[in-house]
Amino acid sequence: MTRALVLIDKHEGMTSLLLGARNNNQSENSTVRLLAQYRSLGRPVEQEQHLSTRRSSPRHADSGDTAIKPEVAPIARLHEEFGQPSSTINILKDLS
């Protein structure tokens, strides 16, 4: 069995004050450590990014806050989009 690391919503809009106070201020540091470990072992890494269709949302594609945080960005991007009635899910995979 291969273990994979799945990162969800590690984009700039997730730290927007419009979403309220955060309860996990060490999330990025923990994610960076886990990501480095998985990459060093050659294990798969997948990221999901949930985007909103509401223009007022910090998770809307036009908000300027949908970039994946640089410290956890995929090495190379394979982009797949799945349309949902109220959101879009982007799946980003590390490719070696």
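**Close-up views of a predicted model**

**View 1. His-50 sits in strand β2.** Helices (H or I, at least four residues) and strands (E, at least two) are DSSP runs, numbered from the N terminus. This is a predicted model, where local features need pLDDT of at least 70, side-chain atom pairs count only at pLDDT 80 or more, and totals for chains, interfaces and linings use all residues. Residues are numbered from 1 along each chain as its sequence is written, and side-chain values use heavy atoms, with hydrogens and water left out. His-50 has a relative accessible area of 25%, so it counts as partly exposed; buried means under 20%, exposed over 50%, and partly exposed in between (1.4 Å probe, protein chains only). Look for Thr-66 too: it is 16 residues from His-50 in sequence, and their C-alpha atoms are 9.2 Å apart in space.

View 2. With 14 residues, α1 reaches 20 Å from its first C-alpha to its last, close to the expected 20 Å (1.5 Å times one less than its number of residues). Ser-27, Glu-28, Thr-31, Leu-35 and Tyr-38 are its buried residues. After the helix comes Gly-42, with a positive phi near 70°.

**View 3. Seven residues make up the largest nonpolar core.** Here you'll find Leu-5, Leu-7, Leu-35, Tyr-38, Val-45, Ile-68 and Val-72. Such a core is a set of buried Ala, Val, Leu, Ile, Met, Phe, Trp, Tyr and Cys residues joined through side-chain atoms within 4.5 Å. Both β1 (5–8) and α1 supply at least two residues each to this core. Setting aside neighbours within four places in sequence, Val-72 is in contact (heavy atoms within 4.5 Å) with residues including Leu-7, Leu-35 and Gln-47.

**View 4. Glu-28 and Lys-69 form a salt bridge.** That term means a side-chain nitrogen of Lys or Arg within 4 Å of a carboxyl oxygen of Asp or Glu. The closest N and O atoms of Glu-28 and Lys-69 are 3.9 Å apart. This pair links distant parts of the chain, 41 residues apart: Glu-28 is in α1, and Lys-69 is in the loop between β2 and β3. Glu-28 is buried at 13% relative accessibility, and Lys-69 is buried at 7%.

**View 5. Arg-55 and Asp-62 meet in a salt bridge.** Their N to O distance is 2.8 Å, and both residues are exposed.
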